[in-house]
Amino acid sequence: MFAPKFSFEQEQQFFLDIQQSIENKSFDRLILSQYKGEMTDLEKMTFRIIELQGQATLSCLYHHKTQDITKNYSMNEGIEKIAELLAQSKQANLFALGQEAQLKKNKKKAMLNVQKRQPLSMEIEQRQHNREKHRYVEQQSPFLKHLGITDEKGQVIPSMARKWKQINKFIEIFSNAYAQIDASQQELNIVDFGSGKGYLTFALYDYLQAQQKTPLITGVELRSNLVEFCQKVADDVGFNHLDFFEGDVRSYQPEKLDVMIALHACDIATDFAIHTGIRLNASMIMCAPCCHKELRPQLKSSEVLQPMLQFGIHAGQQAEMLTDTLRALLLKAYGYETKVFEFVSLEHTSKNKMILATKRKDIQQPDAKILQQIQALKTMYGIQKQSLELLLQDQMPIENVGCKC
């Protein structure tokens, strides 16, 4: 049985209090500060209990001078890690339901102070409230301040609350999908086409790093000022494997790809991005399509649908639904489990649909039955050309893609 050795009786008692609070489920958080160990620039550590894949886990946020790193431990490993770091820290604060304990020590002595906190019922209510607002991205992460999401105190700026919600929703979706693919892979090659100011790109890097993975991420963006800005932020916060490239799906062709992301790639640029993911056998493809222009001029509704599609808004909605249905079916035909669902609205747009595809099997030939379904839909609506289908058949040059939105 694990039995740590401490220099002072008060330190031993403090550690026992930590263990007891974990066992009786009153543990809220533990903060260790004034670290004197070997980890360079480490300022403090914050331990919390979170739930990962149905298991209680001790999560520690390591606060360094230039970056924050999250590591998750099993309960036994986490308790051992607490003992190790407690011995190397001069101050520790335990927050539990009903009480707060503080340990201060120097070379000669240790002082333990225990105080009662607010009533237990209020603590439980607050804890439940916090659990409902579980976030996948640590609010204190430095990149959020650099991107203008949080202020100097780590508080979300009110005007960015919607973006903060979107970031966490995106990581939640990614996390659930990632659990279905080969999560044992240490390095992940990811390309984010149309990365913009990098909100989601940075959040994904931060999340994967917290999962102790090595994310190799490239954000691809046409606007040079955003590329320069994001690269500087990545350098400033120590995201050493996050790079930004000035270009689009025409000019950036990765050699290896595990995850392909294209949020709001305009019109057929989405098709080129999906084709890149399929061609490179990506394990996951995430798209939020926009500007569905290709199919609408081709629509030839049957007589029974003409009364409905005579209205422009309905014709536009029909073209959008048909476009994304064909994309989803083509992904399924090429071995991907595919979902189409509502995503939270991105800033300044009402487009909130996501196509999420995870690779399920390698295929030699696309599924003939699904291809028949695609052809039947095209025939019904009079569709002669669909870019993703042509790309998969090597019948469309990449120079044809463009976005002027």
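Predicted model: local features only at pLDDT ≥ 70, side-chain atom pairs only at ≥ 80, totals over all residues.

Helix H8 spans residues 269-279 and is mostly covered, with ten of its eleven residues buried.

Just after H8 comes Asn 281, where phi is positive at about 60°.

## The chain as a whole

The chain contains twelve helices and 14 strands. It has 405 residues, of which 48% count as buried. Among contacts with a separation of 6 or more, 65% are between residues 24 or more positions apart.

## The mixed sheet

Seven strands form an open sheet with mixed pairing, in the order E10-E9-E8-E11-E12-E14-E13. Its edge strands are E10 (242-246) and E13, each of which pairs on one side only. Ignoring direction, neighbouring strands of this sheet are turned by 15° against each other on average. Within the sheet, E11 and E12 are paired in the parallel sense over six bridges. Val 259 has Met 284 in E12 as its bridge partner.

Helix H6 packs on this sheet and touches E8, E9 (214-221), E10 and E11. The direction of H6 makes about 175° with that of E9. Helix H8 also packs on the sheet, touching E8, E11, E12 and E13. The direction of H8 makes about 170° with that of E11.

## The antiparallel sheet

Another open sheet of seven strands has antiparallel pairing and the order E4-E3-E2-E1-E5-E6-E7. Strands E4 (68-73) and E7 (110-116) are the edges, each pairing on one side only. From one strand to the next, the twist averages 15°. Strands E2 (residues 42-52) and E3 (residues 55-64) run antiparallel and are joined by ten bridges. Met 45 is placed opposite Tyr 62 in E3.

Strand E5 has seven of its eight residues buried, so it is largely enclosed by the rest of the structure. E5 pairs with E1 in the antiparallel sense over seven bridges, and the bridge partner of Arg 29 in E5 is Phe 95. E5 also pairs with E6, again in the antiparallel sense, over six bridges; here Asn 93 stands opposite Gln 102 in E6. The hairpin of E5 and E6 has two residues between the strands, and in it Gly 98 takes a positive phi near 95°.

E6 and E7 are antiparallel partners over seven bridges. These two strands form a hairpin with four residues between them. Opposite Leu 103 stands Leu 112 in E7.

Helix H1 (residues 9-23) lies across E1 (27-35), E2, E3, E5 (89-96), E6 (99-105) and E7. H1 runs at about 30° to E5.

## The pair H5 and H6

The axes of H5 (residues 161-178) and H6 (residues 199-210) come within 10 Å and cross at roughly 50°. The two helices are therefore oblique to each other. The crossing of H5 past H6 is right-handed. On the H5 side, the contact is made by Lys 163, Gln 166, Ile 167, Phe 170, Ile 171, Phe 174 and Ser 175. H6 contributes Tyr 199, Leu 200, Ala 203, Leu 204, Tyr 207 and Leu 208. By class, ten residues of this contact are nonpolar, two are polar and one is charged.

In general, an α-helix has 3.6 residues a turn, so residues three or four places apart point the same way.

## Tyr 334

Tyr 334 lies in the loop between H10 and E13. Is Tyr 334 buried or exposed? Its relative accessibility is 17%, so Tyr 334 counts as buried, the cut-off being under 20%.

Leaving aside neighbours within four places in sequence, Tyr 334 is in contact with Ile 278, Lys 359, Lys 361, Ile 363, Pro 366 and Leu 392. Leu 392 is 58 residues from Tyr 334 in sequence, and the two are 9.6 Å apart in space, C-alpha to C-alpha.

Key. Residues numbered from 1 in each chain as written. Heavy atoms only, no water. Axes fitted to C-alpha atoms, helices over the stretch in contact; angles between N-to-C directions. Parallel < 35°, antiparallel > 145°, perpendicular 65-115°, else oblique. Left-handed = near helix turned anticlockwise from the far one by under 90°. Contact = heavy atoms within 4.5 Å. Nonpolar A, V, L, I, M, F, W, Y, C, P; charged D, E, K, R; others polar. Pairing = 2+ DSSP bridges. Buried < 20%, exposed > 50% of the residue type's maximum accessible area, 1.4 Å probe, protein only.
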